[in-house]
Amino acid sequence: MESAFRPQSAEDIENRIEELRKSYTPEWKFDRDNPDAGSVIAQIFARQTEENNRLMSQMPERYHMEFVNLLDSSLKPAQPSASIVIFNMEGGTVPGARVPKGTRLSASSDKTESGSVIFETERNLYVTNAKIKAAFMTDAERGTFTPVFGDFNIPEIVTGTLDSIRGEEERMALLNESAEELAEAEEVSSAIPPFTLFGEKEDIGRSILIIYEERLFDGAGESVYIRFTDADDLIQRVQSGDLVFKYFADNGFNTFDEVTLLEDNCTFLLVKSRECRKTSIGERKYSVVILESQKTMTDSLGVSDVLISAGGDSRAPEYVGDGIKELEKRKFAPFSDELAVYNECYIGHSPCFSKKGSKITITFKASYKEAFHRITPEQEEAELAIIKLKPKKLPFDIPTEAKVEEIIIEYFNGIGWKKLVCDAEYDGMFKSCEPGDYKLSFICPDDWEISESGPYSGRCLRMRIVKATNCYMRPAIHMYPEITDLKISYSYEGKFVRPKRLERIAGTKKTDITAHLALNKSFTVLSGNDYHEDALYIGIDKKLTEGPISLYFQLSDNNNQSGVRCRLEYSGPSGFSEMRITDLTEDFTRSGAVMFMPSQDMTESVLEGNRLYWLKLVRSVREENEKLDAFLPKIVMMCMNAVIVSNIQTSDEQDYYIEEVLPNASISLGVDNILDAFVWVNEKGYTRREEMEELLNMHPERVRAEYDFLGRISAFYVLWDEVDSFNAAPHKRCYRIDRMSGKIIFSDGTKCDIPRVTDDIAFKARIRSTDGYEGNLAEGEISTFLGQEAYIDTVYNPIRAHGGSNLETIDHALLRCAGILHSRYKLVSETDYYRFCMDYSDSIDKAKIVVGQTIDGQELPEDISVVLLMKDYADGAFSFHRVSAALQREMLKFCEVTISEKHLHIVEPVFVDVSVNVWAKTMNMDDAFEVQSEVKTVLNDYLDPVGNAKENGWDIGTLPKESQILMRLGILRNKAIIQRITMIGHYIDADGEHEMDTKDIKITPFMVVRSGKHTVNITNK
């Protein structure tokens, strides 16, 4: 921090006026040589301010130091930077490696004397060779199943092998090539993609009832009946459109053209316009109809039975022929115009003739034609050639009459042709030769198989003449039937059958439930997935045997993410069991690790087709307000083997001696940038034996005793504490550290004790130091072990090292002490809180105190919200989280009478991303690119809330206006004319996500501007 009393020359002040002039009044030129009235006033102001600064700077520096000494205060120590590092094991070596707390890592740096920056791990860590192979989330309320990472087998709706269709092989080949390319791409990138914890709404789960039938669903335009018994809820959802019937055809699944609930309120009439595509399961072929939920189901629907039936409207046959050639279906002579025994006719219609057990009806119109047949001379000569005596020829022949007296109707049963039994006798149906309407009806046999007839392959009915008197006589008149308008229909006449196969898809699991049909009791046909918790499932390929294990979650830079309290469970022999954890994410409000000791009974289990060792992160409490979903944690990285490291160097324990006992003794520790020290003072010789024994019994962790060979105490070391002031020391064993000089200072012997051993070691000290600001390194720079760490391949920091600051300057200490005098160690006014925040850390750029209001809009008079804008806010919230908790604890020490912990809130601002669209006209089109670049640079600098060399930044609780933007862009007037601008603000608050014109934003005390994405539209003058 700059000195409050640093004298500024008139030239310095004038230079600052010139800088501000460019931003606020670019049309005015500040001219020192030929000043106008404004320039003269500016120069007078600079001279007067210079004189005031000179008088202030004449105060001796020692007065300033004495001012600090009045408060017996010391300089605040340098603060270490911190980051996260991730370890990777060498593949296939050992199950893991231990990394104890204090393990040293380093990063190269040309800004330190040693050429490196040292970091130490803050916790013990077991680096495991296990990898995350799969992860998915479930939502209890929405009933969703959302994959996060890995392969998940989504079951195909249709079981079996589909009948091939034209062009499908080529399409499948292309799809397989695309799938292989996609799989190769996924193998290259094994990183877990970003996701919102418990906030993803994608769902790959489905709720489908799948009905398989061999024949009833086949035909197009035919009526299909599906009956559900004891299924009121299911029927109601079909009526409301939540459940939809579909059938499987060549183009995939199609909705039925007609769905009607019949009067019995349990049977649906379905009509479709396309034929079904078959699937083969074993030796049988099935058509498929499904009932699919259009919404994600969180409950289940049951029925006691599923029954199906069908009925086909009258339709023409697929084929009519005589066994050799095909006949015209609209009008044909079944036995030709020349009757003969065993003349036959084939009528084919596979869809109708495959409906086993149905009643098939054949109707047609029959008329009778006459055909005169006689023997030709050639035939007569050939037939009588063997007769010696020719018959006597008559002058004329009398023709006989021939007609069909008896027929038989047959079907093919796979072995031969079998007589078809009809409802009425049909053998003499053509004997009377009476024209009119004819009807045949019969029950479709179960053993009707496909046969070949000429060009037709399918189920055929064969009609043959078995008796036709005089059919071979010549001359003869043959009365042959001619059939027109033949129609075939079928119906089960109220007869319902159960499906041949019944399956259910619930979420991502497919189950064959055919056996339930025979139990005659209610069973579930539709339901959601089997997960009933808000949970994140994490699958690991190897068993975790040792600990502590670290599961790291890196959150996005979105501010004010709402906390999500969770518990961690593992897959054991009897299901999932809870384990104890250390949550360094603070309920997922910050990036950090969840650390745990794995249980020895962790076992493999199969979830969603993945046999892995599973961890389950379960949401303990679900927020009722859905708007808070906007604040759910955004996870940008999740991995194993992460630990926090700090830029701390811990020295070996050193021995220190004194020649004589002196009050106010100061001894150099020989280390710069001291953070703290562990000082063990030898009290042998002046601490009574009774007190030594009491300390050994009551506080063994703070005492170390050394014994000689006779078992007598030869040295007795007690751990002393550091204080800022001896006047405020909590007990007599205290010391101070002067961090500017690097010395340890002891009291005068009255307020606190002093070391008194001169013939042996006076005290031992292990010192922790830091590189301060030089420890703020970029991501990826912490990459080296100090020493050899077996089996660990790589180490790196995925995020920047934040929060490092140097030793407090004298000037900063002066201002801090002024604040102490003002507040008298009590935080009462807003000014007191503000000064405390700004004095606490150099990482804080701005602070705002909001009384009686919280960031989520609640208004309670006892609430105090402290809004902190960090200098490195653009790099994420890591430094904010490093400061916020400790700042709150320090504040509560000085305001505990007036405010409780639950009413003191330390929060980040609500960042409003302001995107500016600029329309500018250039003087020269060649300047277009340059103008665009300069406009964006000016806007990015101007809308940065943190001040820089060019701009002052923005106060929390304010947003820029269009007039201010236009004024700032005025510096480009020599190159372009700004015609107009629009400003759009995007932000997330307790009410959700918003995007609107900045003029319409209701500004709150928590908002601060942040530069968004700017667009510059250039036209030429």
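In which sense, parallel or antiparallel, do β59 and strand β62 pair? The views below take this up in a predicted model, where local features need pLDDT of at least 70, side-chain atom pairs count only at pLDDT 80 or more, and totals for chains, interfaces and linings use all residues. Residues are numbered from 1 along each chain as its sequence is written, and side-chain values use heavy atoms, leaving out hydrogens and water.

View 1. Over five bridges, β59 pairs with β62 (residues 1007–1011) in the parallel sense; two strands pair if DSSP finds at least two bridges between them. Look for Phe 911, whose bridge partner in β62 is Val 1008. The pairing of β59 with strand β63 (residues 1015–1020) is also parallel, over six bridges, and here Val 918 has Val 1016 of β63 as its bridge partner.

**View 2. Strand β59 beside β60.** Strand β60 (residues 976–989) runs antiparallel to β59, and 10 bridges join them. One handy landmark is Asn 917, with Thr 982 of β60 as its bridge partner.

**View 3. A nonpolar surface patch.** Leu 20, Tyr 24 and Met 967 make a patch of about 270 Å² (residues with over 30% relative accessible area and no salt bridge, nonpolar side chains joined within 5 Å). Tyr 24 belongs to helix α1 (residues 10–24) and counts as partly exposed because its relative accessibility is 46%.

Terms used
Patches are made of residues with over 30% relative accessible area and no salt bridge: like charges are joined within 9 Å, nonpolar side chains (Val, Leu, Ile, Met, Phe, Trp, Tyr) within 5 Å. Accessible areas come from the Shrake-Rupley method with a 1.4 Å probe; for residues, only the protein chains shown count as cover. A salt bridge is a side-chain nitrogen of Lys or Arg within 4 Å of a carboxyl oxygen of Asp or Glu. Helices (H or I, at least four residues) and strands (E, at least two) are DSSP runs, numbered from the N terminus. Buried means under 20% relative accessible area, exposed over 50%, partly exposed in between (1.4 Å probe, protein chains only).
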